[in-house]
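The following note records points for a colleague on the structure shown below. Please read each point with the model at hand.

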Amino acid sequence: MKTRVAIIGSGDMAVHIAHFLKLDSEYEFIGFFDDFCDSDKTIDNKPLLGRIESVEEQYAKRVFDKLIIAVGYSRMEYRKQIYNRTKGTIALATFIHKSCVVDPLARIEEGCVLFPGCIIDRNVCLKGNVFLHNAVVISHDTTVKENCYISPAVSLAGFVEVGESCVLGIGTVIIDNISIVDSVITGAGSVIVESIQEEGVYVGVPVRKLINDR
């Protein structure tokens with residue numbers, strides 16, 4: 001029997017995830033929950049199941065089996081809030097695209113989503129609700145903590161630790177033995193060669209922190 005999955009969110013990220021669910025024989029995509037759409041609207045030919053406040057009620061009624069949080073990088077605090085609200089009370093789906101390569105010794109926790117072409121090495125740990133876009137490479141003994149959004153073609157070397165709710169921009173590279181605190185954002189093509197100990201936005205090769213003078 002297929003696992004029936006609903007998605008919180010109805011934007012591009014949600015539609016993209018729904019597309020992959022429909023192509024996967026293990027899942028049946030049910031519909032979306034969203035606070036910002038009309039109740040009678042259909043999205044990608046699937047219904048809006050209700051507002052986010054109704055998720056628990058619909059889960060109790062067995063409308064769906066598992067949930068995916070599809071809130072993207074522009075609303076990271078909201079993404080975190082929804083995860084903290086639902087974890088432990090609603091089963092979160094873990095979706096790994098069939099083209100991904102995941103070592104048997106890697107640990108991928110509930111709610112993670114891995115898009116095509118990701119490579120996850122031995123002893124990697126992805127904490128809950130981590131999103132990996134296309135072709136992300138994570139080397140051995142690296143940990144990515146809860147609620148992170150990792151953009152396409154990001155490469156993390158071994159023994160890296162990425163804090164909670166970080167957004168790594170497309171093509172970001174992190175060398176080995178680096179740690180990053182929570183709520184760090186990196187720009188496209190950033191290269192991190194030293195640990196980051198303050199939250200903020202970092203860009204460049206090597207990265208520097210952007211300072212807001214206003």
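Which side chains meet in a salt bridge at 3.6 Å, N to O? They are those of R107 and E109.

1. Basis of the note. This is a predicted model, in which local features need pLDDT of at least 70 and side-chain atom pairs count only at pLDDT 80 or more, whereas totals for chains, interfaces and linings use all residues. Residues are numbered from 1 along each chain as its sequence is written, and side-chain values use heavy atoms, with hydrogens and water left out.

2. The salt bridges of E109. A salt bridge here is a side-chain nitrogen of Lys or Arg within 4 Å of a carboxyl oxygen of Asp or Glu. The structure holds 10 of these salt bridges. Besides the pair with R107, E109 meets the side chain of K127 in a salt bridge of 3.8 Å, N to O. K127 lies in the loop between strand 11 (125-126) and strand 12 (131-132), and E109 in the loop between strand 8 (107-108) and strand 9 (113-114), so the pair ties together parts that are 18 residues apart in sequence. Strands (E, at least two residues) and helices (H or I, at least four) are DSSP runs numbered from the N terminus.

3. Accessibility of these partners. Residues are called buried under 20% relative accessible area, exposed over 50%, and partly exposed in between (1.4 Å probe, protein chains only). R107 is partly exposed at 43%. E109 is partly exposed at 22%, and K127 is likewise partly exposed, with 22%.

4. The pair K98 and D24. These two side chains form a salt bridge, with the closest N and O atoms 4.0 Å apart. The pair links distant parts of the chain, 74 residues apart: K98 is in the loop between strand 6 (95-96) and strand 7 (101-102), and D24 in the loop between helix 1 (12-23) and strand 2 (27-33). K98 counts as exposed, at 57% relative accessibility, whereas D24 counts as buried, at 6%.

5. The protein chain is divided into domain 1 (3-86) and domain 2 (95-204), with bounds from an automatic or database domain assignment. Their centres, taken over C-alpha atoms, are separated by 23 Å. Contact (heavy atoms within 4.5 Å) involves 16 residues of domain 1 and 19 residues of domain 2. The two domains bury about 1,500 Å² between them, 68% of it on carbon and sulfur atoms; buried area is the accessible area (1.4 Å probe) that two parts lose on being put together, summed over both. Across this interface the rule finds two salt bridges.

6. Surroundings of R4. R4 has its place in strand 1 (residues 3-8) and is partly exposed, with a relative accessible area of 22%. Leaving aside neighbours within four places in sequence, R4 is in contact with E28, I30, R62, V63, F64, D65 and K66. R4 and V137 are 133 residues apart in sequence and 29 Å apart in space, C-alpha to C-alpha.

7. A nonpolar surface patch. I185, V201 and L210 form a nonpolar patch on the surface, with about 220 Å² of accessible area together. Patches are made of residues with over 30% relative accessible area and no salt bridge, like charges being joined within 9 Å and nonpolar side chains (Val, Leu, Ile, Met, Phe, Trp, Tyr) within 5 Å. Accessible areas come from the Shrake-Rupley method with a 1.4 Å probe, and for residues only the protein chains shown count as cover. L210 is found in the segment after strand 24 (208-209) and is partly exposed, at 44%.
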